[in-house]
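Dear colleague,

I am passing on the structure below, and I would be glad if you kept it open while reading my notes. The notes follow after it.

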Amino acid sequence: MKKIITLGEVMLRLSPPGNSRFAQTDEFHVEFGGSEANVGAALAYWGKAVSHITAFPDHELGKRADAQLRQNGISTEFVKFIPGRLGVYFLENGALQRSSKIIYDRFDSSFSMYDGNDTDWDEAMRSVSWVHWSGISPAISQQSADLTKRILKAARGQNIPVSGDLNYRSNLWQYGKKAHEIMPELMELTTVMIAGARDFSQCLNKDFDNFEVAKTYAFETFKDLKYISKTNRITRSATDNTMSGELYSKNEVFSSQSYDVNPIIDRVGTGDAYAAGLIYGLQHLEPQEAIEFALASGVLKHSVPGDILLSSKEEVEEVAAGTSGKIKR
């Protein structure tokens, strides 16, 4: 079986129990997660062969993070142990009208120092069917941007489909480069983009009036771009949202059904579950079925604590078919 490659930082997640606030807690729950690895874990749970590219510090916490990847069904053949530290983020779960809050502590991590020049990526890609990246990695450091470019260029050399979740985060671009100086070259090597109008505006240094204008520009600019996808979210409170998804080719649009998501158990990782569902759908289904599977995956993740969608393909299909929620005996 050819494998799917995901690449990105895996961090330690520390959360107060339940809906406790940072200001009142005296303990934290420990988990490990990272956007791209979350995508890989969902795909592995659906039976796909997945390898993740990242770097950890060579100590007990780094080894524990590596073990978590393997526990999630992900091969760690491309994981490196180098000097540095493990990135950390703190999550305070919101409730009702109180939003969730995240505090990052990830600068100078081992992953941010790894540029991938120690591996023959052309050779590594010979057994690969898909590559997934996100805009988080090239935002962290020049080394991470170089790593991403090396892998995407190797994938392009062998005509391997590449999906990218642009996921622009302004607070991450702190190493002297702006998104529009790095991202266009990576977008040129991407065949499926998950992005909204803001992502396109920031990554391309444009001021798009709306998504339609941004989408048209992207298809005209990036000749190998096959699909653009995005989610739509109406937020009534931290625990009550409505979601839908859209998938665009150059000449067609495929829209998913809409879901009321209430109550939300954990919103973190829902976009990653959506990306995983989209990758699986585009590999195995027709476009309309693919967007339904992707959105159902993202919706189902709201019910699962932690970063990762731990749900079977059959459970996702039941959500898409409207037959979920029954007791199974």
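How many aromatic pairs does the structure hold? There are 10 of them, where rings of Phe, Tyr and Trp (its six-membered ring) pair if their centres lie within 6.5 Å, and where planes under 30 degrees apart count as stacked, over 60 as edge-to-face and the rest as tilted. Before I go further, please keep in mind that this is a predicted model, in which local features need pLDDT of at least 70 and side-chain atom pairs count only at pLDDT 80 or more, while totals for chains, interfaces and linings use all residues. Residues are numbered from 1 along each chain as its sequence is written, and side-chain values use heavy atoms, with hydrogens and water left out.

Aromatic pairs

A pair of aromatic rings is described by the distance of the centres and the angle of the planes. In the pair of F28 and F90 the ring centres are 5.8 Å apart and the planes stand at 70°, so this pair is edge-to-face. The pair links distant parts of the chain, since F28 sits in the loop between β2 (11–15) and β3 (29–33) and F90 in strand β6 (residues 88–92), 62 residues apart; helices (H or I, at least four residues) and strands (E, at least two) are DSSP runs, numbered from the N terminus. F28 counts as partly exposed at 36% relative accessibility, and F90 counts as partly exposed at 24%, given that buried means under 20% relative accessible area, exposed over 50% and partly exposed in between (1.4 Å probe, protein chains only).

The rings of F208 and Y217 have their centres 5.4 Å apart and their planes at 55°, so that pair is tilted. F208 counts as buried, at 11% relative accessibility, whereas Y217 is partly exposed, with a relative accessible area of 28%.

In helix α8 (residues 211–221), the residues F211, A214, K215, A218 and F219 are buried. Why do they lie on the same side of α8? They cover an arc of only 130° around the axis, which puts them there, the arc being that of the directions from the helix axis to the C-beta atoms. As a general point, an α-helix has 3.6 residues a turn, so residues three or four places apart point the same way. The buried residues of α8 pack against α7 (197–204), β11 (227–237) and β12 (240–248), with contact meaning heavy atoms within 4.5 Å. At the start of α8, a side-chain oxygen of N210 reaches to within 3.1 Å of the backbone nitrogen of E212. K230 lies over the face of F211, at 5.0 Å from the ring centre; for this, NZ of Lys or CZ of Arg must be within 6 Å of the ring centre and within 35 degrees of the ring normal.

In α7, the buried residues are D199, F200, S201, C203 and L204, and what covers them includes α6 (179–188), β10 (192–194), α8 and β11. A197, also in helix α7, is in contact with F208, N210, F211 and A214 when its neighbours within four places in sequence are left aside. N205 follows α7 and is placed in the loop between α7 and α8. N205 has a positive phi of about 55° although it is not a glycine, and at 53% relative accessibility it counts as exposed.

Nonpolar cores

A nonpolar core is a set of buried Ala, Val, Leu, Ile, Met, Phe, Trp, Tyr and Cys residues joined through side-chain atoms within 4.5 Å. Of the 51 residues in the largest such core, L43, W46 and L282 touch the most other members. A second, separate core of 48 residues includes V128, A139, I160 and F200. W46 also forms one aromatic cluster with Y280 and F293.

Loops

S110, in the loop between β7 (101–105) and α3 (121–124), counts as buried at 0% relative accessibility. Not counting residues up to four places away in sequence, S110 touches A55, F56, P57, I82, P83, G84 and R85. A cis peptide bond, with omega about 0°, joins N262 and P263, and P263 lies in the loop between β14 (259–261) and α9 (270–284). N167, in the loop between β9 (162–165) and α6, has a phi near 45°, a positive value in a residue other than glycine.

With best wishes

Definitions and conventions:
Polar contact = N/O pair within 3.5 Å; in protein donor to acceptor, adjacent residues only side chain to side chain.
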